[in-house]
Every structure is written in C-alpha cells, then in structure tokens.
Amino acid sequence: MNNLKNETATKSIAIVATDNKRTDLIEWSYFNKELLTRHQLTACGETAVIVEGTLHSEINKLFTADTGGYQQLAQLIENGKIDMLFFFAEPAASVEKDLDLKNLLVVAAKHNVVVASNKVTTAMVMASEFPDNGQPVKQSNSPGFLKQVISNFNQLFFKPSLTTV
C-alpha cells in the first residue's frame, strides 16, 4: 500500500500507544474520529481496544506488544500494508527498553512509512495527508504542494484571533 494513491483511496494507519500515553490516545482519536473512521486502522492489544471503543468502529486488532504485536505490525509494514504510524509514547522510556518497539521504528523508517511520534508531528501529518475532508492527498513534488501543507498546518494551529489590539 505504501505508494501513490488517488484522492478517494483510504490510508492504512497503524497506531501504537504505551500505557502512559493512553489519555493522549483517547483525546486524539476522539478529536479525529470522523477522519479516522474513513481509513483502515490497525493497533496492538489494549491500544486497539481503546481506539475501537473511542471510534465505535472495528479496527484490525493485533496481539499485545508483549505477545508479538509489534512484530506483527513490523511484518505488515514490511509487506507494504501500512502507510503511516502514529506513535504515542514517552520519548526516552520505552524505546530504549523495548527491542521489539525499537525494531518496529527501524522497519518503518526502512520502508518509508510516515511516523508521527509527538503532538506536533502528528498534527503536521494529519494536516498534510488529510487537509480538508479527510481524503488522502496525492503526494507531489510540485512547488505548491509544500506551501499547501504548511498552510493547512497553520490553519490548524495558528488561527487568527477575532479580537484586535
């Protein structure tokens, strides 16, 4: 799946969240509910249960991380079945201790899967991939493409104030 698609195609989105980021996951998935339900979602264990419950929509559930879920997800990435990975975790805590998670991130990088690992990159990916109506955009190298991505990002985070000084 990791290729150019037309504007009506869905994306295959993987979501990973460590225990200490479950609240962020719930808030993000609820906020993006309308958009996320239009795409194919995959998650491991408890993350899958949380996302499915928040969205009221079935998703592809993998094993828990402890029982091989990250390995399953890495295999999906290697087989071209995942377009992007949203990663909710404490920066230093989990990657250093969890070799399967570290391997997952290496595989994602190797296969050019978009990885968003914090609120800013997650918002940037959402703004660039789904600018208006939740439909994926066709990637382009045209000069106007980056300008449009930046404009979408600015609209999400830097809306002009209604009051003037």
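Angles under 35 degrees count as roughly parallel, over 145 as roughly antiparallel, 65 to 115 as roughly perpendicular and the rest as oblique. This is a predicted model, in which local features need pLDDT of at least 70, side-chain atom pairs count only at pLDDT 80 or more, and totals for chains, interfaces and linings use all residues. Residues are numbered from 1 along each chain as its sequence is written, and side-chain values use heavy atoms, without hydrogens and water.

**Exercise 1.** State how helix α4 and helix α6 are oriented to each other.

Solution. Helices are DSSP runs of H or I with at least four residues, strands are runs of E with at least two, and both are numbered from the N terminus. Take α4 as residues 69–78 and α6 as residues 99–110. Axes are lines fitted to C-alpha atoms, for helices over the stretch in contact, and angles run from 0 to 180 degrees between N-to-C directions. The two axes come within 9 Å and cross at roughly 10°. Therefore α4 and α6 are roughly parallel to each other.

**Exercise 2.** Describe how β1 is joined to β4.

Solution. β1 covers residues 12–17 and β4 residues 84–88. Five bridges join these parallel strands. A17 has F88 in β4 as its bridge partner.

Notes:
Pairing = 2+ DSSP bridges.
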